[in-house]
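Subject: Handing over the model

Hi there,

Here is the structure I promised to pass on to you. Please open it alongside this note, and I will go through what turned up.

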Amino acid sequence: MAHLLGAEKIHVALPDRVLLDAVTLGIEDGDRIGVVGRNGDGKSTLLRVLAGTQTPDDGRVTVRGGLRVGALSQQDVAEIGESVRSRVVGDRPEHEWASDPRIRDVLSGLLGELDLDAELTSLSGGQLRRVHLAELLVRDVDVMLLDEPTNHLDVEGISWLAAHLKRRWSSRSGGIVVVTHDRWFLDEVCTRMWEVHDGVVDPFEGGYAAYVLQRVERDRQAAAIEAKRQNLMRKELAWLRRGAPARTSKPKFRIDAANELIAGEPPVRDTVELTQLATSRLGRDVIDLDDVTAGYEGRAVIEDVTLHVGPADRIGVLGPNGAGKSTLLALVTGDLEPMAGRVKRGKTVTVQQVTQKLEGLADHLDERVSDVVGRYRTTFRAGKDEVTPGQLLERLGFTTAHQKVRVGSLSGGQQRRLDLLLTLLDEPNVLVLDEPTNDMDTDMLAAMEDLLDTWPGPLIVVSHDRYLLERVTDLQYAVLDGHVRHLPGGVEQYLALRADGAGGVGGVGGVGGAGGGGAGASSEESAQATGAQPTAASPATGLSGRELREAQKALSAVERRMEKLTRRAEELTAQMTSHDPGDVSGLQELGATLQGVQGELAETEERWLELSEQVG
């Protein structure tokens, strides 16, 4: 392969530490490289050096003659008087850029219905990020350097970007280097990985899954100081290998080696043990939403919602920005009363929510981390183990030095981890997480997921991080067109629904981003602020309004039945596993019961498919 761009003995140092120490690497024709590493270890610095926007203290960057390099930084700049149109397509006449298929694809995939004449200063942070990404993607470059391109993108936007990059570089020469914490994106797009740590850059072949495997092999041979890190990544590898079928089928994942490494590794969650713990803490009734309609100032945001949250349910919630996810969470937490219908709560239910605004830390910014945590109880149950708050801090990446730092001086990712820990130490029995992955590197995401694996109660997660949802939740729901629907097919089913036009808030890859306000503010935000009716396209089902309403109710009932049957099948399977093998008649009875439940589940799934086609 032809050499495109490289670095020779690059050295970059800060006053207190070395970021890159004599680093030598290269980008070859056809490379799609993902860059991972802890926050602050030098990933963005490496990209700036390769892009030529930062001069290294020593060493040099080599570029093939005539090579065109494009870079996306984490800093999005908006100048007064500059429009979306001028930033993305410049002063080119419309007939010229509108006839370019690539430009049309980028505008449709990233900017949706955003007004091209809107001023950049009027946009939200998420919208501005999309504009900068679109500006780069419409250019004709040979090497693209992307620093956190998935920030502010929802699940559909991330899926679109992955498909666009793969399609674009599969049919032409050139290369991509991308820094991101989105592990699904890394595994989907990248064919090589660079890990930046301790001043060096280690190369790995394959995407994220292959990187995890090779890293486990490396760590297994490392010194004892790496034992905790090794064990954590072995657990991550076990999930990658045993979990989502789409990952395990990839040929680049060396299956034999993976199986050997995880032969003695238990499943990431002991579902039977956690279910027993959750039931003992909560009983069987937790939270039930029955035909609930809710909104703000008399205007409905979500309607006819029926949702059962059981004592050990792990629920992931997807939906476009402004569809009503926050409204659903407010119903679960009790911060919002329904306009119609009923919300029923168990007598022992205590709900705690970790929000994007880190509200739990507001009163502790001038205190040391160790002092804040020290006020809580001396032990905490993590699965079957009793651990101290200090041990939990260590599991979440807080060294002894970090524990002596003021809370207000922590990085965004550290504050988010501390907020989660304080919430757990409050000992709620229902946990709600709203976009918990912001500002975290891949190691800390794995550590957080490891901690959540021990959570013995209902878990409700709203996130655009597809990997996280697949990793820590077992049931997925979508908020679309003002309704909440079960997704037996998971994230793939959600993306298919969105591609078919369901949930019209912002369109596929719509522009409602983080930051709020400005042009294109979400319908849910507008409803909360002004009481305006959120717009949502009605599916073209051919049913009358009453017929559609009845079909949707029937669909919700069938979904609840499917969930109960699925849980019953899991319980019977667990009972058969732990049953005395000498009790043949007992095993036969359990097997017959399980077969009956599975048969009823198959019939219920067929009914679900029929109703899904009616509802659209």
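Predicted model: local features only at pLDDT ≥ 70, side-chain atom pairs only at ≥ 80, totals over all residues.

The protein chain holds 22 helices and 20 strands. Of its contacts with a separation of 6 or more, 70% are between residues 24 or more positions apart.

Strand 1 (residues 3-13) and strand 2 run antiparallel and are joined by 7 bridges. If you want a pair to look at, Leu5 has Ile27 in strand 2 as its bridge partner.

Another open sheet is built from 6 strands in the order 14-17-18-12-19-20, with mixed pairing. Here strand 14 (351-354) and strand 20 (483-486) stand at the edges with a single partner strand each, so one side of each has no neighbour in the sheet. Direction ignored, neighbouring strands of this sheet are turned by 20° against each other on average. Strand 14 pairs with strand 17 (residues 430-434) in the parallel sense, over 4 bridges. Within that pairing, Val354 has Leu433 of strand 17 as its bridge partner.

**Two helix pairs**

As you know, the packing of two helices is described by the angle between their axes and the distance between the axes. Helix 4 (residues 101-111) and helix 5 (residues 125-137) pack at about 165°, and their axes are 10 Å apart. Why call them roughly antiparallel? An angle over 145 degrees counts as roughly antiparallel, and helix 4 and helix 5 therefore fall in that class. The crossing of helix 4 past helix 5 is right-handed. On the helix 4 side, the residues that meet helix 5 are Arg102, Val106, Gly109, Leu110 and Leu111. Their counterparts in helix 5 are Arg130, Val131, Leu133, Ala134 and Leu137.

Helix 6 (residues 155-170) and helix 19 (residues 490-499) cross at roughly 90°, with axes that come within 10 Å. Helix 6 and helix 19 are therefore roughly perpendicular to each other. Helix 6 contributes Val155, Glu156 and Ser159 to the contact, while helix 19 contributes Val491, Tyr494, Leu495 and Arg498.

Leu495 lies in helix 19 and is buried, with a relative accessible area of 14%. Leaving aside neighbours within four places in sequence, Leu495 is in contact with Val155, Glu156, Ser159 and Arg466. The C-alpha atom of Leu495 is separated by 9.9 Å from that of Leu318, although these residues are 177 residues apart along the chain.

Where does His181 lie? His181 is in the loop between strand 7 (175-179) and helix 7 (183-189). Is His181 buried or exposed? The relative accessibility of His181 is 15%; buried means under 20%, so His181 counts as buried.

The side chain of His181 makes a polar contact with the side chain of Glu148 (3.5 Å). A polar atom of the His181 side chain also lies 2.6 Å from the backbone oxygen of Met440. Apart from neighbours within four places in sequence, the residues in contact with His181 are Asn39, Lys43, Glu148, Met440, Asp441, Thr442 and Leu445.

Two of those contacts, Thr442 and Leu445, are also listed among the buried residues of helix 17. Helix 17 (residues 442-452) is mostly covered, with 11 of its 11 residues buried. At the start of helix 17, a side-chain oxygen of Asp441 reaches to within 3.1 Å of the backbone nitrogen of Asp443.

Terms used. Residues numbered from 1 in each chain as written. Heavy atoms only, no water. Helix = DSSP H or I, 4+ residues; strand = E, 2+ residues; numbered from the N terminus. Buried < 20%, exposed > 50% of the residue type's maximum accessible area, 1.4 Å probe, protein only. Polar contact = N/O pair within 3.5 Å; in protein donor to acceptor, adjacent residues only side chain to side chain. Contact = heavy atoms within 4.5 Å. Pairing = 2+ DSSP bridges. Axes fitted to C-alpha atoms, helices over the stretch in contact; angles between N-to-C directions. Parallel < 35°, antiparallel > 145°, perpendicular 65-115°, else oblique. Left-handed = near helix turned anticlockwise from the far one by under 90°.
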